[in-house]
Amino acid sequence: MLNFLIMAKAKIELIRGDITTLPVDVMVNAANSSLLGGGGVDGAIHRAAGPALLEECRTIGGCPAGEAVITGSGRLPCKKVIHTVGPVWQGGGQGEAALLASCYRKSLLLAAEAGLTSIAFPNISTGVYGYPKEEAANIAFKTVAGVLEETPVIKKVVFVCFDRENYGLYEKLMPSVTPG
Ligand code: ADP
């Protein structure tokens, strides 16, 4: 267990900032189930990608919570975008934890299947969808570490924290690899 966590941590990076500027193969969008754009990170990704991304999303016709789909990236610096739909927090009794874990897991599996080796995640569901940030960070970290062990294709996972609270929570989860 310890060994595998150390190995996984070596592939995990933490950044505070805007996901749309990152030089990774694929960035993950915390989309809503329509896939037709929204606020928060979804809005930022669509604004930076331009209209081609929305056009492609329109043809997909939606995505349920816990699932993920892959598209092109328009004008973004990455090769692909993975759109995953996080759960809306409803108090924790509606399978939110399993759905959130599924978002991270399915996104990583899609990336690996497409041969994409570096991936950036926002803090899915912790904005408008209201997921408690500490629980969400624990699920994100644990799920990603577990999948990294199964899928050698992925060489780098970047957790992109937009707000200070999330950054602090992730920092605590990976003190051995985060400088300062
Ligand atoms: P959700 O509906 O899944 O909660 P939000 O976009 O409202 O999605 O929020 C998810 C997380 O994305 C929040 O922690 C928010 O601070 C963060 N976020 C917002 N804009 C950006 C951005 N440009 N890059 C990275 N993260 C962002």
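**Close-up views of a predicted model**

**View 1. Lining of the largest pocket.** The lining of the largest pocket splits into 11 nonpolar, 11 polar and three charged residues. Here Ala, Val, Leu, Ile, Met, Phe, Trp, Tyr, Cys and Pro count as nonpolar, Asp, Glu, Lys and Arg as charged, and the others, Gly among them, as polar. This is a predicted model: local features need pLDDT of at least 70, side-chain atom pairs count only at pLDDT 80 or more, and totals for chains, interfaces and linings use all residues. Residues are numbered from 1 along each chain as its sequence is written, and side-chain values use heavy atoms, without hydrogens or water.

The largest pocket holds about 560 Å³ of space. Among its 25 lining residues, Ala-30, Gly-40, Val-41, Asp-42 and Gly-127 are the closest to the centre. A pocket is an open set of points on a 1 Å grid over the protein atoms alone where a 1.4 Å probe fits, with protein on both sides within 12 Å along at least five of seven lines; lining residues have an atom within 4 Å of a point. Helix α2 gives the largest share of the lining, four residues.

**View 2. Thr-71 in strand β3.** Thr-71 sits in β3 (residues 68–71); strands are DSSP E runs of at least two residues, and helices H or I runs of at least four, numbered from the N terminus. Thr-71 counts as buried because its relative accessibility is 1%, where buried means under 20% (1.4 Å probe, protein chains only). Its side chain makes a polar contact with the side chain of His-83 at 2.9 Å. Such a contact pairs N or O atoms within 3.5 Å, within protein one able to donate a hydrogen and the other to accept it; residues adjacent in sequence count only if both atoms are side-chain atoms.

Notes: Points joined across faces, edges and corners; volume = space filled by probe spheres on them. Buried < 20%, exposed > 50% of the residue type's maximum accessible area, 1.4 Å probe, protein only.
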